[in-house]
Amino acid sequence: MIEGFRVSPAGFTCRMGDNERQVLAQLVDDVRDLLESPDEPGAWNLGDEVHPPEDPAVARLLPDGSRDDAEVAAEFRRLTQEDLRGTKIANLVVLRDLLLQATDEVLIVSAQAATAASALNDVRLVLAERLDIRTEEDAENLHRDLRWPARQRMPREQRALGEVYEIVTWWQESLVVAMVETLDAAFADKCNPGVVERRSSTPGGRTGASDQAESDS
Amino acid sequence: MLTVPVMEPLVENQAAVGDPWVTIVWNDPVNLMTYVSYVFRSYFGFPEPVAESLMLQVHKEGRAVVATGHREAMEIHVQAMHTFGLWATLQRSGQ
């Protein structure tokens with residue numbers, strides 16, 4: 001069982017079964033492993049030569065900084081690759097941990113939302129690369145082929161991977177939609193500074209900044 | 001129907017930049033339109049109509065210029081886009 005995210009007082013929540021949480025956390029960890037792999041020729045370059053990743057999935061996470069200029073691309077990679085790799089690994093760890101720490105509800109606090117969304121995006125990029133999704137048409141074909149009866153003809157492993165990709169896609173979309181809601185609400189607040197919007201009611205609920213002095217403890 | 005004008009991308013110290021560079025975001029089949037729009041709003045601070053317009057440009061035309069300025073500033077933006085998982089590149093403007 002996996003629900004879509006909704007806005008909640010601390011950030012964003014969704015209900016998810018234990019099974020699904022474990023599977024997703026493992027998937028996130030697998031992507032982290034890819035990025036951390038010491039076998040990667042481009043791994044952990046500290047010298048002057050920084051090579052692009054050989055694994056196309058990792059290459060998609062650490063893409064070229066220039067399409068046509070090899071010098072610009074090389075300079076960009078030298079300056080940024082290890083930093084970017086480190087950031088992505090850290091983001092994936094945050095996502096994995098909040099999945100493993102959850103019980104029946106997954107909570108992403110507001111401050112972690114962009115981190116979690118980015119990590120989820122990287123998971124989807126890796127899945128898509130493994131599914132050979134290179135064009136919009138590829139994506140549409142996969143979606144069509146996962147429907148009955150075409151799905152019967154699909155190799156089992158590809159079908160399983162495809163289904164995970166669709167679920168994670170749907171799940172990320174729900175998180176982003178909720179995050180946009182809070183962006184919109186923050187913007188509305190800025191336009192109406194005198195109005196403090198109560199977006200959710202909590203027991204003994206707060207009514208605004210003037211209640212900050214009140215403590216529940 | 002309200003037509004939203006395509007607004008200028010983020011310009012950094014344009015007057016001072018003798019050799020301007022640009023940051024380009026490229027379309028890809030994985031990134032959600034909602035997510036691209038969100039990144040444009042939250043990272044660049046673009047208002048919602050601008051972010052939507054640029055996202056649609058990426059989606060329909062394959063690419064959009066999202067910033068212009070010094071090479072170093074563009075490198076930072078490109079790295080940020082890559083952190084979010086968007087594919088971006090930098091190049092000299094007018095190339």
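Visitor: How many residue pairs are in polar contact between chain B and chain A?

Guide: In this predicted model, the count between chain B and chain A comes to 13 residue pairs in polar contact, both residues of each pair being at pLDDT 80 or more.

Visitor: Which elements of chain B give two or more residues to the side that touches chain A?

Guide: On that side of chain B, the elements giving two or more residues are β2 (21-26), α1 (33-44), α3 (71-84) and β4 (87-92). Of the elements of chain B, α3(B) gives the most to the side that touches chain A, with seven residues. Sorted by kind, the residues on this side of chain B divide into 13 nonpolar, nine polar and four charged.

Visitor: How many salt bridges does the rule find across the interface of chain B and chain A?

Guide: Across this interface the rule finds three salt bridges. One salt bridge is formed by A:Arg60 with B:Asp28, where the closest N and O atoms are 3.2 Å apart.

Visitor: What area do chain B and chain A bury between them?

Guide: The general idea is that the size of an interface is often given as the accessible area lost when the parts come together. Here chain B and chain A bury about 2,800 Å² between them, and 59% of it is on carbon and sulfur atoms. Of the area that chain B buries against chain A, B:Pro29, B:Val30 and B:Tyr38 supply 22%, more than any other three residues. Counted by contact instead, 26 residues of chain B meet 40 residues of chain A.

Visitor: Which residues in the largest nonpolar core touch the most other members?

Guide: As a general matter, nonpolar side chains in soluble globular proteins tend to be buried together. In this structure the largest nonpolar core has 74 residues, and those that touch the most other members are A:Leu99, B:Phe40, B:Met81 and B:Leu86. Helix α4 (residues 113-130) of chain A provides the largest share of this core, ten residues.

Visitor: Is A:Val106 buried or exposed, and why?

Guide: A:Val106 counts as buried because its relative accessibility is 0%. This residue lies in strand β3 (residues 105-109) of chain A. Beyond residues up to four places away in sequence, A:Val106 touches several others, among them A:Phe5, A:Phe12, A:Cys14, A:Leu98 and A:Leu99. A:Phe5 is 101 residues apart from A:Val106 along the chain, yet their C-alpha atoms are separated by 8.8 Å.

Visitor: Is A:Ser8 buried or exposed?

Guide: A:Ser8 is buried because its relative accessible area, 16%, is under the 20% limit. The residue sits in strand β1 (residues 6-8) of chain A, and, not counting residues up to four places away in sequence, A:Ser8 touches A:Thr13 and A:Leu107.

Visitor: What should I look for in the backbone at A:Asp132?

Guide: Look at phi, which for A:Asp132 is near 60°, a positive value in a residue other than glycine. A:Asp132 is placed in the loop between α4 and α5 of chain A, and with a relative accessible area of 46% A:Asp132 is partly exposed.

Visitor: What kind of peptide bond joins A:Trp148 and A:Pro149?

Guide: The bond joining A:Trp148 and A:Pro149 is a cis peptide bond, with omega about 0°. A:Pro149 belongs to the loop between α5 (136-145) and α6 (156-191) of chain A.

Key:
Residues are numbered from 1 along each chain as its sequence is written. Chains are lettered from A and ligands numbered from 1 in the order in which they are written. This is a predicted model: local features need pLDDT of at least 70, side-chain atom pairs count only at pLDDT 80 or more; totals for chains, interfaces and linings use all residues. Side-chain values use heavy atoms; hydrogens and water are left out. Contact means heavy atoms within 4.5 Å. Buried area is the accessible area (1.4 Å probe) that two parts lose on being put together, summed over both. A salt bridge is a side-chain nitrogen of Lys or Arg within 4 Å of a carboxyl oxygen of Asp or Glu. A polar contact is a pair of N or O atoms within 3.5 Å; within protein, one must be able to donate a hydrogen and the other to accept it, and residues adjacent in sequence count only if both atoms are side-chain atoms. Helices (H or I, at least four residues) and strands (E, at least two) are DSSP runs, numbered from the N terminus. Ala, Val, Leu, Ile, Met, Phe, Trp, Tyr, Cys and Pro count as nonpolar, Asp, Glu, Lys and Arg as charged, and the others, Gly among them, as polar. Buried means under 20% relative accessible area, exposed over 50%, partly exposed in between (1.4 Å probe, protein chains only). A nonpolar core is a set of buried Ala, Val, Leu, Ile, Met, Phe, Trp, Tyr and Cys residues joined through side-chain atoms within 4.5 Å.
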